[in-house]
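Please walk through this structure one element at a time, with the sequence at hand.

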Amino acid sequence: MKAPLYQLKAEFFKTLGHPVRIRVLELLSERDHAVSEMLAEVDVEAAHLSQQLAVLRRSNLVVARREGSTVSYSLTSPEVADLLAVARTILSGVLAGQAELLADLHAATPPPS
């Protein structure tokens with residue numbers, strides 16, 4: 001029996017549900033990166049980065065390419081970069097709304113006696 005689309009989407013978003021994976025995808029949205037470059041940018045242990053890259057590879061979001069002793073990664077689809085940009089836009093709107101709500105709350109709070 002085939003999994004419903006909403007279930008597949010949920011699994012997809014679970015894959016994105018880790019800060020290191022998001023950071024890696026953001027870096028790869030700019031250009032291909034060698035693992036050593038990502039280590040400097042992501043600031044995690046090499047083993048942890050390797051685990052997260054493996055998750056992204058298994059999900060077919062990134063692909064690895066070996067050149068001599070260097071392993072570089074790239075996105076499998078430019079739409080991943082588009083998705084991250086849309087997420088940024090949504091979060092900007094949410095945070096702006098929260099900032100307005102906080103300002104209203106401060107304005108409505110009577111000063112302490």
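A residue is called buried when its relative accessible area is under 20%, exposed when that area is over 50%, and partly exposed in between. The model shown is a predicted one. S74, with a relative accessible area of 11%, is therefore buried. S74 belongs to strand β3, which covers residues 70-75. Leaving aside residues up to four places away in sequence, S74 is in contact with L28, D32, L61, V62, V63 and R65.

T89 sits in helix α5, residues 79-108. From T89 to L16 there are 73 residues in sequence, and the two C-alpha atoms are 17 Å apart in space.

Strand β3 also takes part in the packing around helix α4. Helix α4 comprises 13 residues, 46-58, and spans 18 Å from first to last C-alpha, close to the 18 Å expected at 1.5 Å a residue. The buried residues of α4 are L49, Q52, L53, A54, V55 and L56. These buried residues pack against helices α1, α2 and α3 and against strands β2 and β3. Just after α4, N60 adopts a positive phi of about 60°.

The aromatic pairs come next. The structure has 1 aromatic pair. It is formed by F12 and F13, whose ring centres are 5.3 Å apart and whose planes meet at 75°, so the pair is edge-to-face.

How many salt bridges does the structure hold? There are 6 salt bridges. One of them joins K14 and E11, with 3.3 Å from N to O. Both residues lie in helix α1, 3 residues apart, about one turn of the helix. An α-helix has 3.6 residues a turn, so residues three or four places apart point the same way. K14 is exposed at 55% relative accessibility, while E11 is partly exposed at 42%.

Another salt bridge links R23 and E26, with the closest N and O atoms 3.6 Å apart. R23 and E26 are separated by about one helical turn because they are 3 residues apart in helix α2. R23 is partly exposed at 27%, and E26 is partly exposed at 29%.

R31 and E37 also form a salt bridge, at 3.3 Å from N to O. R31 has a relative accessible area of 43% and so counts as partly exposed; E37, at 30%, is partly exposed too. Through shared partners, salt bridges connect R23, E26 and E41 in one network.

Key. Residues are numbered from 1 along each chain as its sequence is written. This is a predicted model: local features need pLDDT of at least 70, side-chain atom pairs count only at pLDDT 80 or more; totals for chains, interfaces and linings use all residues. Side-chain values use heavy atoms; hydrogens and water are left out. Helices (H or I, at least four residues) and strands (E, at least two) are DSSP runs, numbered from the N terminus. Buried means under 20% relative accessible area, exposed over 50%, partly exposed in between (1.4 Å probe, protein chains only). Contact means heavy atoms within 4.5 Å. Rings of Phe, Tyr and Trp (its six-membered ring) pair if their centres lie within 6.5 Å; planes under 30 degrees apart count as stacked, over 60 as edge-to-face and the rest as tilted. The expected span of a helix is 1.5 Å times one less than its number of residues. A salt bridge is a side-chain nitrogen of Lys or Arg within 4 Å of a carboxyl oxygen of Asp or Glu.
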